[in-house]
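Student: Hi! I'm new to this one and would like to talk it through with you. Could you show me?

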Amino acid sequence: MASQTTSSKTVFFTGATGYIGGSVLEAILNSPQPPKSVTLLIRDQAKSQGFESLQTAKKANVQIKTLIGSLEDLDKITQAAAEHDVTIHTADADNLDGVKAIIKGQKIRKEKTGHRPLLIETSGTGVLVDNAKGAYPNDIIYTDLNPTPATKDVPALLSMTELAPTAPHRNVDLEIIAADKAGINKSYIILPSTIWGKGVGEVFDAGLSNTFSDQIPTLIKAGLDRGRAGMVGEGKNIWPHVKITDLASLYELVWTKATQPNPTIGHGPSGYYFGISGEYTLFGATSRIGQALVKNKLIQSTETTPTTFTEEDLKKYYGGSTYMGTNSRGVADRSKSIGWKPKYTEQKDLYDHIDREVVRVQKEFGNEWKVEKFTSAY
């Protein structure tokens, strides 16, 4: 950990009990310039004492406070956003009402202090998806920088401005961009891709935050339940990936640079930051899941090749959605331009993780499907 000097910034933080949120909280507390105080919005009263007594925070001289509530408690959210310099939102990329409440509070703070508060938002590369249903890869690739003039690369890189307003997460992102353009806040939208890796740090060791990601574990759970690895269509689609520790370092970098006295990193329309370090195909990932299921004798079948999900499978595991068969492709030009250097960039890194994750998921959840609903994470 680098030497720390506590900043004067106060933070309102959502989603600390989550996989992304717990990792981001750890990163902010361990950053070279941690905040003065952090107020965590959490549902679970029983966890409040655990968060408030974090040794990581005490070592960094950061005061941790908890606000019991959820994103449905709009008045609480508005008030909390109005009382803090920075809001870090990691809880739900699709909760428009919650984001509107944050912006409402930040408008109050701007009018009171004369300074624009900061909003670090968690979106996801799900905003880039198509409707491939696993049938094909595509060469539609977006950049988090604005390619002006248009890139000469083949295929050309597309700007985020070319996304349809109806794309996943997009209505929330556009609301935030509009607030930035109106001078209410300065916004930094981070877009994670398929995140992998076990959550690490004090909040995870203490059982305060979820240690599992969503996309890969859900595929593993489906494979365990159906007795064979499965995929959408032929699994030819491509998605980006990022290890959780690399993603946390991106949040830390944005936090550190955005809270400098004279920040130089882009915000608003120039404030998209992709959490992308590499790519994989659905067929490749589910093939590795199949191999690990058989190798560890976690299913009766000896067949390692994934089979196509039936309509019944899709209803059971994904609420009927073919989301996992989409293409989502991007390059993290802006993230890397501010100094982000992900360490785990190869398919092999993800696949080696899958070998370990299959065993961990089965040990934690068993073979029977117990997931209540599908969420189109990231």
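**Rings, charges and strands**

Tutor: Let's start with a charge and a ring: the charged end of Lys243 sits over the ring of Tyr344, 4.1 Å from its centre. "Over" here means that NZ of Lys or CZ of Arg is within 6 Å of the ring centre and within 35 degrees of the ring normal. Keep in mind that this is a predicted model, where local features need pLDDT of at least 70, side-chain atom pairs count only at pLDDT 80 or more, and totals for chains, interfaces and linings use all residues. Residues are numbered from 1 along each chain as its sequence is written, and side-chain values use heavy atoms, with hydrogens and water left out.

Student: Which residue lies over the face of Phe212?

Tutor: That is Arg360, at 3.8 Å from the ring centre.

Student: And how many aromatic pairs are there?

Tutor: The count is 6 aromatic pairs. Rings of Phe, Tyr and Trp (its six-membered ring) pair if their centres lie within 6.5 Å; planes under 30 degrees apart count as stacked, over 60 as edge-to-face and the rest as tilted. Trp196 and Tyr344 are edge-to-face because their ring centres are 5.9 Å apart and their planes stand at 80 degrees.

Student: Where do Trp196 and Tyr344 lie?

Tutor: Trp196 is in strand β9 (residues 194–196) and Tyr344 is in the loop between α12 (333–337) and α13 (347–365), so the pair ties together parts that are 148 residues apart in sequence. Helices (H or I, at least four residues) and strands (E, at least two) are DSSP runs, numbered from the N terminus.

Student: Is Trp196 buried or exposed?

Tutor: Trp196 is buried, at a relative accessible area of 2%, whereas Tyr344 is partly exposed at 30%. Buried means under 20% relative accessible area, exposed over 50%, and partly exposed in between (1.4 Å probe, protein chains only).

Student: What about Phe309 and Tyr318?

Tutor: Phe309 and Tyr318 make a tilted pair, 5.9 Å centre to centre with 55 degrees between the planes. Phe309 is buried at 6%, and Tyr318 is buried at 2%. Together with Tyr317 and Trp369, Phe309 and Tyr318 form one aromatic cluster.

Student: New topic! Which way do the residues of strand β4 point?

Tutor: In β4 (residues 86–89), Val86 and Ile88 point one way and Thr87 and His89 the other way, and all are buried.

Student: What does β4 pair with?

Tutor: Strand β1 (residues 10–14) pairs with β4 in the parallel sense over 4 bridges, and 4 bridges join β4 to the parallel strand β5 (residues 118–122). Strands pair if DSSP finds at least two bridges between them. Phe12 has Thr87 as its bridge partner in β4, and His89 stands opposite Glu121 in β5.
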